Amino acid sequence: MTVQTFTPSATKAASENTVTQPTHTTDVSMKKLYIETQGCQMNEYDSHRMADLLGDSHGYVLTTNPNEADILLMNTCSIREKAQEKVFSELGRWRKLKEQNPDLVIGVGGCVASQEGDNIQKRAPYVDMVFGPQTLHRLPQMLDQHQAQLEKPKKEKIKLVDISFPDIEKFDFLPEPRVEGFKAFVSIMEGCSKYCSFCVVPYTRGEEVSRPLDDVLAEIAGLAEKGVREISLLGQNVNGYRGETFEGGICTFPELLRLVAEIPGIGRLRYTTSHPLEFSDELIQCYRDLPQMVSHLHLPVQSGSNDVLQAMKRNHTIDVYIDKIAKLRKVRPDMHLSSDFIIGFPGETDEHFAETLQFIKDLDFDHSYSFIYSKRPGTPASELPDDTPEQVKKDRLAQVQQVIKQSSIDKTDAMLGKIERVLIEKVSDKDPNLLIGTADNTRLVTFIGDAAWVGRFAEIEITEIKTLNLVYGELLNLEPDVA
């Protein structure tokens with residue numbers, strides 16, 4: 001489980017863990033908000049919206065220092081084992097801050113909050129508010145309720161817990177998103193209805209619900225007008241999007257991509273996380289037709305063994321996955337592919353693992369995420385017998401990660417002499433003559449240029465490989481502003 005301090009300018013690519021710290025006010029008269037974000041890009045998006053909400057409704061400004069905050073919010077993730085205990089461990093540290101400042105407000109949101117409910121306040125009674133991923137828009141009202149209760153006798157106070165699933169309601173109450181930089185996440189759907197045997201998401205975020213098409217397009221158009229040039233569409237099963245149109249019809253994910261590509265200003269499109277079952281021929285045709293689509297795809301497969309996939313209830317085979325990738329690489333030969341792998345799933349034999357390892361080598365993955373299986377309470381897989389020694393799982397994981405790391409190194413090295421399309425994002429902190437941008441494959445590209453070019457796309461010839469994720473280059477062509 002990853003943990004980051006949420007900041008208004010924190011920009012994290014789908015396959016990177018870099019966080020840019022913002023500048024923030026030190027005016028002690030301002031009310032300050034600290035948000036700790038755990039887990040995926042969906043949680044990052046939600047944390048941004050929490051900050052927008054409380055900024056607009058109550059005037060809170062973000063801080064990176066929990067010791068100076070008036071409100072502490074934890075946006076939790078339950079995808080890994082012992083996630084609950086990690087949350088309560090952090091809350092124990094926050095308790096000390098509340099002992100020093102009784103007026104401090106503590107709230108817990110996200111998937112662990114959805115899973116644990118009022119049990120959080122039973123174990124940690126100093127927590128003031130508990131809210132789920134679908135009810136974060138009610139934070140201002142919950143805060144008002146908390147403040148009103150401060151005047152009541154202790155016995156009259158009620159617990160502020162809201163972990164309901166009011167479909168897509170939250171997007172109707174969220175303020176217009178603030179823009180920080182030239183990239184933005186846009187959540188287009190919530191929940192998942194696939195019910196993989198290992199996954200807790202359907203139980204913590206609910207089943208799939210898509211935002212109406214017009215709402216999504218309006219948000220993206222607004223971001224583009226404010227200078228955003230790269231959009232990352234988000235959803236637990238993002239390519240399963242089926243949004244209602246104004247006329248009452250249904251817009252599919254490939255149709256949505258084509259509509260977004262027509263919005264003036266949007267020069268690059270990404271999305272995460274997708275499912276092989278929804279990776280249709282129509283979606284592959286978008287890569288053929290739309291230059292805005294990056295040559296980088298994150299398509300989780302979880303295992304290279306059909307037996308394990310069946311136990312996971314993934315409802316597809318390895319052959320189906322391979323066929324889809326072959327079709328994709330036919331229209332985009334330079335495609336960089338990343339995935340998710342669960343190692344040591346209950347019943348995984350040496351033969352199953354060997355199939356997975358060979359599958360990874362054959363598909364030549366780049367920047368994939370791999371973890372040892374974590375038993376999640378309430379999921380079908382948690383009842384499966386598991387007699388594989390932990391050390392065997394660790395050894396298998398190490399082999400997978402070594403293969404993927406070498407593949408990633410090879411792909412970075414292969415960029416030497418190639419021409420990459422780069423979104424120029426900022427001037428280097430170390431040298432005002434250097435610009436830093438991101439290539440389609442998520443590598444950072446540094447080159448000499450003019451600060452006035454920030455926010456535009458450029459073609460850069462790669463001249464030097466510095467690290468796994470950093471290359472140097474020379475400008476060949478500066479594209480006109482796409483706005």
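## Reading rings and helices

Tutor: Phe-365 counts as buried, at 1% relative accessibility. Keep in mind that this is a predicted model.

Student: Why does Phe-365 count as buried?

Tutor: The cut-off is under 20% relative accessible area. Phe-365 has 1%, so it counts as buried.

Student: Now the rings. How many aromatic pairs does the structure hold?

Tutor: There are 10 aromatic pairs. Take Phe-341 and Phe-359. Their ring centres are 6.5 Å apart and their planes meet at 70°, so this pair is edge-to-face.

Student: Where in the chain do Phe-341 and Phe-359 lie?

Tutor: Phe-341 is in strand β17, residues 340-343. Phe-359 is in helix α13, residues 350-363. They are 18 residues apart, so the pair links distant parts of the chain.

Student: Are Phe-341 and Phe-359 buried or exposed?

Tutor: Phe-341 is buried, with a relative accessible area of 1%. Phe-359 is buried too, at 5% relative accessibility.

Student: What kind of pair do Phe-341 and Phe-365 form?

Tutor: An edge-to-face pair. The distance is 5.3 Å centre to centre, with 85° between the planes. This pair also links distant parts of the chain. Phe-341 sits in strand β17, while Phe-365 is in the loop between α13 and β18, 24 residues away.

Student: Which charged ends sit over rings?

Tutor: Here are two cases. The charged end of Lys-31 is over the ring of Tyr-60, 4.8 Å from its centre. The charged end of Arg-123 is over the ring of Phe-88, 3.8 Å from its centre.

Student: Last topic: helices. What describes two packed helices?

Tutor: The angle between their axes and the distance between the axes. Now look at α1, residues 41-58, and α5, residues 139-149. Their axes come within 9 Å and cross at roughly 55°. The two helices are therefore oblique to each other.

Student: Which residues of α1 and α5 meet?

Tutor: From α1, they are Met-50, Leu-53, Leu-54, Ser-57 and His-58. From α5, they are Leu-139, Pro-140, Leu-143, Asp-144 and Gln-147. The residues of this contact divide into six nonpolar, three polar and one charged.

Note on methods. Residues are numbered from 1 along each chain as its sequence is written. This is a predicted model: local features need pLDDT of at least 70, side-chain atom pairs count only at pLDDT 80 or more; totals for chains, interfaces and linings use all residues. Side-chain values use heavy atoms; hydrogens and water are left out. Rings of Phe, Tyr and Trp (its six-membered ring) pair if their centres lie within 6.5 Å; planes under 30 degrees apart count as stacked, over 60 as edge-to-face and the rest as tilted. Helices (H or I, at least four residues) and strands (E, at least two) are DSSP runs, numbered from the N terminus. Buried means under 20% relative accessible area, exposed over 50%, partly exposed in between (1.4 Å probe, protein chains only). A charge sits over a ring if NZ of Lys or CZ of Arg is within 6 Å of the ring centre and within 35 degrees of the ring normal. Axes are lines fitted to C-alpha atoms, for helices over the stretch in contact, and angles run from 0 to 180 degrees between N-to-C directions. Angles under 35 degrees count as roughly parallel, over 145 as roughly antiparallel, 65 to 115 as roughly perpendicular and the rest as oblique. Contact means heavy atoms within 4.5 Å. Ala, Val, Leu, Ile, Met, Phe, Trp, Tyr, Cys and Pro count as nonpolar, Asp, Glu, Lys and Arg as charged, and the others, Gly among them, as polar.
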